[in-house]
Amino acid sequence: MQSIFVSKFPFSKNAAEYLQNLDIDIRTLPTYFPNLFKEAFNRLLNLMENKKLPEKIDISLNSPEALIYAIMRVFVELINEDFLRNWFAEAYSKRTENLLHSESPKTLITLASTTFDWKIYNEIQIAGRTYNWKLRFDNFLEVAPNLMAKDWKLVNQHLNKGWVLLVREKLIRLIAEKTKLYILNRKIPRDEIPNLPESYTPYLNALQSKINSIKKNFRSQRIFSDEINKNAYPPCIQFILKKTEKGENLAHPERLFLTFFLLNIGTSIEDILNIFKTQPDYNEEITRYQVEFAAGKRGSGTKYTSFGCPKLISYGLCKKELDEMNWCITGKVFKKVLKNPLQYYSGKIFLLSLKQENKSK
Amino acid sequence: MVIEKSINRQKFLAEKFRTFYVSKFKKECNLSDIEYREFGFFYWEPSKFVRHLRFINIENLAKHIISKVPKHIYSSAARYEVPNAPNMKLKSLIDCELIFDLDVDHIPTPCKKDHDKWVCKQCGTTGTGMAPKTCPAKKCESHSFEEMSWECEKCMEIAKSEIFSIIEEFLSNDFGLNPKTDLFIVFSGRRGYHIHIENEIYRKLDSNARREIVDYIMGKGLVPSYHGFSLKSGNKPNKFETGWRGRMTRFVIKFLKESSPNELLKILTRRVNIINVKKDLVAQLNSRNPSWSYPNIGEQTWVNLINAAIEKYGAKVDQPVTIDLHRLIRLPGSLHGKTGFLVKKMSYNELEKFDPFSHAQVFEGSIRIHVHTAPQFRIGNENFGPFKDQKIELPMSAAIYLLCKGVANLL
């Protein structure tokens, strides 16, 4: 018998304890729980199709949610593909966020303190302003920088004696983001997964083939057909592109920066849309509107230039330590002060073209 | 001849540094976890920087320092599993102290125009005070300057009060740190101080979290509306509140009080009488429930005023030092090769009485040197200079200071 809490939050420590008490051998799962096994498989297939989990959650006494989650985790580990892992974590994070809006303060506290070891208090009052919550600043910083938005910067919070004062909605957003990181960081070491019976094989093969077709489709649509362009990207852009390849959810400024940059170097709207297809929350209609807006084809018609280096630094998007040219570290491209990643790109294009010319001679 | 003099000077300084390191280094160093730290040295001759070094204890470290006598000595704020590995990935980071580096070089102190000079490396244009961002000479636009700065008592007092403000206003009030137990301070040996936070929670913070903390104390990225400021807000900030809500208000009051009418006119509209506005706004913002409203001052003007105040009074720390987990920082107990001053570690309680011109002086005796040029300066209780092409007997610490700065030679 499990609690409603475990069904709703099957990634939690409470759920892990519950499963441990059941003492189930994962090798026997297809035999003893064939339906759950199929459900976990179908959920993953579904995640790859529309990146969503079923909306309805079974919270009955014999709810299978915790077991389904555990089987999905085993599949994700065995497949070991970054973008599946990201979509899986993102889906449970979204579900958690939706659920928490109607949960009691006690549930929020239990999840945050038991599973994430967060220090958190409810119903506090400071200097005449009522905040619902306070959270230790270091717990806040485990998550908030990933959200990359001005209202999530520490400087825009009310901080007092090491506590960040929060309203409920913001706390729920933080817990949801932490859920994602928690799931991503809790990898099962490969040596802890025993040799699995053959009954696993058809499921794993089916998942793998689905993944291969997604990857193939994704790669064929990438803009990297031109080797010079690919190698000319500044490290900040390369870093974000790698995240998209892994299906990692990009923060809003990352999406904007990538779009503005690619539009400025002449990438087509279709090619940019293809890049965003791996995003866990991809919606073609919305993304198309946004990219077309940035390209000046909608709204006021304003075309946006790429973010400059100071702005990238302030968002934590500057990746100068990854620059093999050393241009970002010295802040100069051919003796000119580097102010914008577009300068880096043109400088590198120039260098690579020269190299190619010399080769062809 | 010039080269020979320079070599003699270096040899002399290295020998004096060695004497200090032999007798006092182990007592002054006081660095924890030596075996987990990376060390870096800048040598006198040949002039080169070597890092990725490891020492298993203070004895080994002292032995190396005494035999090589480096000009500058650095250690990592981080602890590593393999501190001597050649790259950061292989070093395997354990954790890293949180550091704030405050240098007078980044603070526009009023006395700088009296003691600091700059020369444009491209066109040779000269000026006094802080070097500009871009050379003011027509068609030059260079960003590169040779700077000649002096350690000045007024500047160092300003640096000290900035350090107190960071510790008390931010680290204690906002972050809840206990200044007496959670941190220590290091005089850099030249023009600034470092705050080291050793508290376990801070040591574990990643680079992104450190960026957020340093942005917080600098006020960087602050949006007034997230702190309750907008003309329509029913809960506007007041100066008695904690965090940036109260600080933002106090900064604006200070800015209004300290800024000249011309400075204020750049922000406030010309349709207002600046003297009256200044008085009225200060009175209003000093109240418990300021309305943050005034005829002819719109929301954007208020925001500009808040931003100008934060720009002026926010902490002026060197941001990359705080963010970079692999940064090397001056080793406490070493000597600064550009001044001969001791890099001195101290507790929060000792900071108030610390005088770099007395407590960071380590040399004894006296020597006769040839001083080319130097402004007036103090070492201990005695003032020296100004000098212009003079041969003079000076106490050893004063002479070494001038020799390190390259404005004097041995006779």
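**Ground rules I noted**

I am working with a predicted model, in which local features need pLDDT of at least 70 and side-chain atom pairs count only at pLDDT 80 or more, while totals for chains, interfaces and linings use all residues. Residues are numbered from 1 along each chain as its sequence is written, chains are lettered from A and ligands numbered from 1 in the order in which they are written, and side-chain values use heavy atoms, with hydrogens and water left out.

**Entry: where the chains meet**

I looked up the area buried between chain B and chain A and found about 2400 Å², with 58% coming from carbon and sulfur atoms. Buried area here is the accessible area (1.4 Å probe) that two parts lose on being put together, summed over both.

Next I checked charged pairs, and the rule finds two salt bridges across this interface. The rule asks for a side-chain nitrogen of Lys or Arg within 4 Å of a carboxyl oxygen of Asp or Glu. One of them joins Lys153(A) to Asp215(B), with the closest N and O atoms 2.8 Å apart.

My search of the whole structure gave 41 salt bridges over all chains. I picked out a few in chain A to look at.

Lys8(A) and Glu103(A) meet through their side chains in a salt bridge (2.6 Å, N to O). Lys8(A) sits in helix 1 (residues 4-8) of chain A and Glu103(A) in the loop between helix 6 (82-100) and helix 7 (105-116), so the pair ties together parts that are 95 residues apart in sequence. Are these two residues buried or exposed? Both Lys8(A) and Glu103(A) are buried, meaning under 20% relative accessible area, with exposed being over 50% and partly exposed in between (1.4 Å probe, protein chains only).

Glu254(A) pairs with Lys243(A), the closest N and O atoms being 2.8 Å apart. I noted that both of these residues are buried too.

Glu284(A) and Arg288(A) form another salt bridge (3.2 Å, N to O). They are four residues apart in helix 15 (residues 284-294) of chain A, which means about one helical turn separates them. Glu284(A) counts as partly exposed because its relative accessibility is 38%, and Arg288(A) counts as partly exposed at 23%.

I also found a network of salt bridges linking Glu90(A), Lys94(A), Glu97(A), Arg173(A), Glu177(A) and Lys180(A).

**Entry: chain B and Leu411(B)**

For chain B, the domain assignment (automatic or from a database) gives domain 1 (2-104 + 154-210 + 323-362), domain 2 (114-151), domain 3 (224-313) and domain 4 (364-411). The centres of domain 2 and domain 3, taken over C-alpha atoms, are 35 Å apart.

Leu411(B) is exposed, with a relative accessible area of 57%. Leaving out residues up to four places away in sequence, Leu411(B) touches Arg368(B), Ile369(B), His370(B) and Lys391(B). Leu411(B) and Glu28(B) are 383 residues apart in sequence and, C-alpha to C-alpha, 31 Å apart in space.

Conventions:
Contact = heavy atoms within 4.5 Å. Helix = DSSP H or I, 4+ residues; strand = E, 2+ residues; numbered from the N terminus.
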